[in-house]
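This report describes one protein chain in plain terms. Please look at the sequence and the structure before reading on.

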Amino acid sequence: MGTVAIPLQYGDPPRLGPYVVQARLQTLPTGFVYLAQDEAGRAVSVALLTRGAAMDAAARERFLTAARQARSSRGGVLGWMARARGRAQAGSPRIIAMDEGPAPWVAVPYAPGDQGAAWFLASVMMTGTLIGDAHGPDFVPYWLGDRVPAVPLPPPPAPPPTETRRAVMVALSALVALLVLAIAIAWMLLGRQEEPPGPGRPLPPTQYVPTPPPVPSPSQTAKPSPSPSPGESDEATPRPSMPGDDRPGDI
């Protein structure tokens, strides 16, 4: 089992809780061991299950059970009870932090050449039989082919900013006022078209006032007679009668 650090590969999580993942230390069928660093610069070894093992409830529970027993065996009342029941496991590394979510991981202090957090991945695989000697083919879990890291889900996004209660009430009041104004305008436009026209005001009676006939003006009565033309002047001008001139028909 090599412990040579190799660069991170596609799918490796850049961060696990408060630890920044820097490199891979081990690649196992049940999970991965990473070299990480906390905010104070201390190096830690972090064990993370594969996606297939994390999706199997039994495998995930075996991993978490080993981590809980190692944590309770360190001291206190829980540690004393675990040692009294024989549940404490010898040689387990000291756990600094752990996550029991859908993608569980365990962090322990890093020591070059030490097994580190890989100790907890050994309990994920179930080998042998519960009673008697081992016989027949070994048990192979169905998720063994899924060798992708179980990346924890990203934190939920921050809720959108909400307005204050006063701003919401002001906006609601303005919306109601605009709605009432729109209804009033629509009623005025549609109501006038539907109402029948009322009876019109009667017109005043027509009054006929007789007017006198036109009187010709003096300028129209004293019009000059037309002067005769030069050819007609001899015929129209009477000659003085002479004593010997008798007209026929005169007696």
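Are Phe32 and Tyr34 buried or exposed? Both Phe32 and Tyr34 are buried. The sections below place them in the rest of the chain.

## Model and confidence

The model is predicted. The average pLDDT of the chain is 78, and 69% of the residues score at least 70. Over residues 82-88 pLDDT stays under 50, and the model has eight contacts beyond four places in sequence for this stretch. Where pLDDT is low, the predicted coordinates should not be read in detail.

## Overall make-up

The chain has seven helices and six strands. Read from the N terminus, the elements follow the order β-β-β-β-α-α-α-β-β-α-α-α-α.

Of the 251 residues in the chain, 25% are buried. The accessible surface is about 19200 Å², and carbon and sulfur atoms account for 62% of it. Among contacts between residues at least 6 apart in sequence, 52% join residues at least 24 apart.

## The sheet

The six strands form an open sheet in the order β1-β2-β3-β4-β6-β5, with antiparallel pairing. β1 (15-16) and β5 (97-99) stand at the edges; each has a single partner strand, so one side of each is left without a neighbour in the sheet.

β1 and β2 are joined by two bridges in the antiparallel sense, and Leu16 stands opposite Tyr19 in β2. β2 and β3 also run antiparallel, joined by six bridges. Thr27 has Phe32 in β3 as its bridge partner. These two strands, β2 and β3, form a hairpin with three residues between them.

The pairing of β3 with β4 is antiparallel over seven bridges, and Gln37 stands opposite Ala43 in β4. The hairpin of β3 and β4 has five residues between the strands, and Gly41 takes a positive phi near 90° there. β3 is mostly covered, with six of its seven residues buried.

## Aromatic pairs

The whole structure contains three aromatic pairs. One of them joins Tyr19 and Trp105 edge-to-face, at 6.1 Å centre to centre and with 90° between the planes. This pair links distant parts of the chain: Tyr19 lies in strand β2 (residues 19-27) and Trp105 in strand β6 (residues 105-109), 86 residues apart. Tyr19 is buried, with a relative accessible area of 5%. Trp105 is buried, also with a relative accessible area of 5%. Both count as buried because their values fall under the 20% limit.

Phe32 and Tyr34 form a stacked pair, with 6.2 Å centre to centre and 25° between the planes.

## Nonpolar cores

The largest nonpolar core has 27 residues, of which Leu49, Phe63, Ile95, Val106, Phe120, Leu121 and Val124 touch the most other members. At least two residues of this core come from each of β3 (31-37), β4 (43-49), α1 (51-55), α2 (57-72), β6 and α4 (118-121). α2 gives the most, with six residues.

What is Leu49 in contact with, leaving aside its neighbours within four places in sequence? Its contacts are Thr30, Gly31, Ala54, Arg60, Phe63, Pro104, Leu121, Val124, Pro149 and Ala150. A second, separate core of 12 residues includes Leu16, Ala36, Val46 and Trp105.

Methods: Residues numbered from 1 in each chain as written. Predicted model: local features only at pLDDT ≥ 70, side-chain atom pairs only at ≥ 80, totals over all residues. Heavy atoms only, no water. pLDDT = per-residue confidence, 0-100. Contact = heavy atoms within 4.5 Å. Helix = DSSP H or I, 4+ residues; strand = E, 2+ residues; numbered from the N terminus. Buried < 20%, exposed > 50% of the residue type's maximum accessible area, 1.4 Å probe, protein only. Areas by Shrake-Rupley, 256 points an atom, 1.4 Å probe, with all protein chains shown as cover. Phe/Tyr/Trp six-rings, centres within 6.5 Å; stacked < 30°, edge-to-face > 60°. Core = buried A, V, L, I, M, F, W, Y, C linked by side-chain atoms within 4.5 Å. Pairing = 2+ DSSP bridges.
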